[in-house]
Amino acid sequence: MSEPQSTGTSPPTPPDAGAPAKGDELEFLRADFGHVAESLLANEELGEKRVTFFTTLVCAVLGGIGFLTTELKNVVPVSAYVAFSLALLLLLVLGVISMLRIRRRNDVTDQYKAILKMMREACAPHLSAEYRHLFSRAKSSKAKGERDSTKRTWLNGGHALVLLVLNVALLAAFGWSTVLAALHWKATPLPQPTGTKCCSCEK
């Protein structure tokens with residue numbers, strides 16, 4: 001019995017051979033989407049904790065200054081005004097740093113949102129008809145030039161605006177305390193030396 005002879009031609013290779021299946025791609029996008037979404041939430045939570053800590057610190061320091069001023073019955077020594085000015089200056093520096101960090105956090109959040117949008121667009125053809133309809137409506141409304149309420153600016157609220165208001169209040173309080181310290185410093189008479197006699201008086 002003779003063996004079948006080879007014709008020398010291999011079977012045709014499918015065009016998608018070696019490429020990942022569609023299900024694997026969707027699973028990868030789903031996992032990556034969850035990771036980016038968790039990173040976005042963690043970034044937002046970190047910013048909220050930073051603003052909450054700074055707001056609590058500012059309220060505590062200003063409350064302490066007001067309490068000490070009341071207890072001293074408005075007769076505040078120059079050293080107290082100097083201490084108030086230094087505390088307010090340190091708070092102002094910390095507030096500026098916190099505001100810059102919040103602005104950086106907002107930029108990172110916008111980047112996360114852009115990545116999530118790209119992933120949604122990649123998964124849109126594989127979603128249900130209802131979800132595709134909602135997604136197309138969102139894209140069409142943005143194409144018409146409607147105002148994007150999620151875009152962060154200085155005047156649309158948020159933590160950056162809170163920090164800006166607190167820093168302005170700290171700057172005003174620092175200026176007030178510095179001016180009062182300077183006025184009290186000029187009004188305070190210099191102490192006169194005691195226990196010494198003038199040579200002309202002894203004669």
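Analyst: The side chain of Thr109 makes a polar contact of 2.8 Å with the side chain of Asn43; such a contact is a pair of N or O atoms within 3.5 Å, where within protein one must be able to donate a hydrogen and the other to accept it, and residues adjacent in sequence count only if both atoms are side-chain atoms. The side chains of Thr109 and Glu44 are likewise joined by a polar contact, at 2.9 Å. The model is predicted, so local features need pLDDT of at least 70 and side-chain atom pairs count only at pLDDT 80 or more, while totals for chains, interfaces and linings use all residues. Residues are numbered from 1 along each chain as its sequence is written, and side-chain values use heavy atoms, with hydrogens and water left out.

Thr109 lies in helix H2, a helix being a DSSP run of H or I with at least four residues, numbered from the N terminus. Thr109 has a relative accessible area of 0% and is therefore buried (under 20%; exposed is over 50%, partly exposed in between, with a 1.4 Å probe and protein chains only).

Leu89 also lies in helix H2, but counts as partly exposed because its relative accessibility is 36%.

Note on methods: Helices (H or I, at least four residues) and strands (E, at least two) are DSSP runs, numbered from the N terminus.
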